[in-house]
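Keep the picture open as you read.

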Amino acid sequence: MDKASIVVDPAFKIGDIDPRIRGSFVEHLGRCVYGGIYEPDHPSADEDGFRTDVLELTRELGVTAVRYPGGNFVSGYNWEDGIGPKADRPRRLELAWKTLETNQVGVDEFAAWCRKAATEPIMAVNLGTRGVAEAAELVEYCNHPAGSYWSDQRVRNGAKDPHGVRLWCLGNEMDGQWQIGHKTAREYGLLAAETAKAMRMVDPSLELVACGSSHRRMPTFASWEAEVLEHTYDVVDYVSLHSYYAPRNGDVASFLASGVDMDEMIEAVVASCDYARAKLGRSKRIDLSYDEWNVWYSGGSWQDTVDPWTEAPPILQDEYSVMDAVVVGSLLNSLLRHADRVKIACFAQLVNVIAPMTTENGGPAWRQSSYHPMALAFAHGVGAALRVEPVSPLVSTPLYGDVPQLDATVTYDESSGAVAVFAVNRSLTEPLVLSADLRSLPSARVVEHVALFDSDRDAINTKDAPDRVVPRTQPAPSLADGRLEAELPPLSWSLIRLTTT
Ligand code: AHR
């Protein structure tokens, strides 16, 4: 059997893992909000109309921060439509997704939902059709204690305490031609800088994210970041990245290596940020917000699937297989191994829309296959990420050339002594023995090995079989003389937990 090896040593620390790397995204899109987090007629709905089954799954998943309200949606959104008495809120033609937006959920409902979900709100402002004033007013509405026009409106609307939203995205994917109010890098950079200044005048404690390229294949990738940062470097804290993956033209090998693409994307954007820093001669460092990432199949076809201007249409409802869950596990590895620079990451989206959870209107909610690597990585990928350099057989891919068969990341929480080894075997057919040198952690003992794999790589979870794809406990890996050995099944994602206490 093929073998791959890593060395686990707490001295090789990459960086502390920011809890906000375990974030998600709720957009007014399809059934993410209506029928997802909010469904007042649902048997599980609470007094505010939120589905408690979805709240429970969200808490169980361990989502630390949720970005809202978009996405493409935000670029045409009037946030004022979503406040005040629900009966008075306008029904709007929503241009990004060609739906009818009822505005029954707005910023106050979202903030209340976040409190119930025990998660931090992240807000995006509209820099497509709107600008500086509306963004500053939204900050005033959310964060100013009281005694001003907008903060008093919030109090009158029932939210006595400020929502305290710290992290804000300055628009969404503004380089994209599809975006309402799309802009050139110069136009966007100038607008984002002025908006940032005004928002910080209202609340100096804000953290701000500038839009990076909407994806790596944009013709302006890197030049966009360079120009935007020239205008915004001093007033923002993060640059955003977005990536979605699917097998193109049946190329499963490259799909399984999506983490390689994510690694390269992160390293390229880090280089852009550090280039701007050197060019401008600043000491401040700009970090990364990977505020949209996932596997996504239905991207190009959604317009064919529904009539326009319907409320909460069932669009972008991807179903995730075993193979997709393994890729999601690999993307989580990429995020963790860049813990020194990726401080925020939001898988897109939380429920029903390209999401790890699915609901039926009036019916149950269930976990998709991808829920499981996320929940386990969020629970156990804590503390610091450690540098491991796998020595591994290679697999060949059309898009990325030869890539290691083993994709591994290790985290170590010094305070609890917990060590987590996250390992993906990218081979469709061959098992792999993972050998880990643990001599630098002499007191380490194995807690468990769980793995997600299946003889049917296309197996999915459904309403009737919600636990068809779940991680399974594996035989305990051997550990002797500081060397651990574990078997990784073909096409699998594994978590091997150890403790040093
Ligand atoms: O998450 C779906 C969409 O993908 C978002 O609205 C947009 O930002 C991205 O292109």
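Which residues lie nearest the centre of the largest cavity? They are Trp79, Ala124, Val125, Asn126 and Leu138, out of 15 residues that line the largest cavity. Before going on, keep in mind that this is a predicted model, where local features need pLDDT of at least 70, side-chain atom pairs count only at pLDDT 80 or more, and totals for chains, interfaces and linings use all residues. Residues are numbered from 1 along each chain as its sequence is written, and side-chain values use heavy atoms, with hydrogens and water left out.

So how do you find a hole in a protein? Rolling a probe the size of a water molecule over the atoms shows where empty space is left. Here the work is done on a 1 Å grid over the protein atoms alone: a cavity is a set of points where a 1.4 Å probe fits but cannot get out, a pocket is an open set with protein on both sides within 12 Å along at least five of seven lines, and lining residues have an atom within 4 Å of a point. Grid points are joined across faces, edges and corners, and a volume is the space filled by probe spheres set on the points.

The structure holds four cavities of 30 Å³ or more, and the largest cavity has a volume of about 110 Å³. Strand 7 (120-125) and helix 3 (132-143) are the elements that give two or more residues to its lining; helices (H or I, at least four residues) and strands (E, at least two) are DSSP runs, numbered from the N terminus. By class, the lining of the largest cavity has 11 nonpolar, two polar and two charged residues. Here Ala, Val, Leu, Ile, Met, Phe, Trp, Tyr, Cys and Pro count as nonpolar, Asp, Glu, Lys and Arg as charged, and the others, Gly among them, as polar.

The largest pocket has a volume of about 890 Å³. Of the 41 residues lining the largest pocket, Ser214, His215, Tyr244, Arg248 and Trp296 are the closest to its centre. Strand 10 gives the largest share of that lining, four residues. Sorted by class, the lining of the largest pocket has 19 nonpolar, 13 polar and nine charged residues.

The second largest pocket holds about 370 Å³ of space. Among its 19 lining residues, Asp263, Arg337, Val388, Glu389 and Pro390 sit closest to the centre. Strand 18 gives the most to this lining, with five residues. The classes here are nine nonpolar, two polar and eight charged.

Next, look at two helices. Helix 9 (residues 322-337) and helix 10 (residues 371-380) pack at an angle of about 25°, with their axes 8 Å apart. That makes helix 9 roughly parallel to helix 10, a label for angles under 35 degrees. Where they meet, Ala325, Val328, Gly329 and Leu332 in helix 9 touch Pro373, Met374, Ala377 and Phe378 in helix 10, with contact meaning heavy atoms within 4.5 Å. Seven of the residues in this contact are nonpolar, one is polar and none is charged.

The peptide bond from Tyr68 to Pro69 is cis, with omega near 0°, and Pro69 lies in the loop between strand 4 (65-68) and strand 5 (92-94). The bond from Ala348 to Gln349 is cis too. Gln349 is in the loop between strand 12 (342-348) and strand 13 (357-359). Asn352 also has its place in the loop between strand 12 and strand 13, and Asn352 has a positive phi of about 70° although it is not a glycine.

Notes: Axes are lines fitted to C-alpha atoms, for helices over the stretch in contact, and angles run from 0 to 180 degrees between N-to-C directions. Angles under 35 degrees count as roughly parallel, over 145 as roughly antiparallel, 65 to 115 as roughly perpendicular and the rest as oblique.
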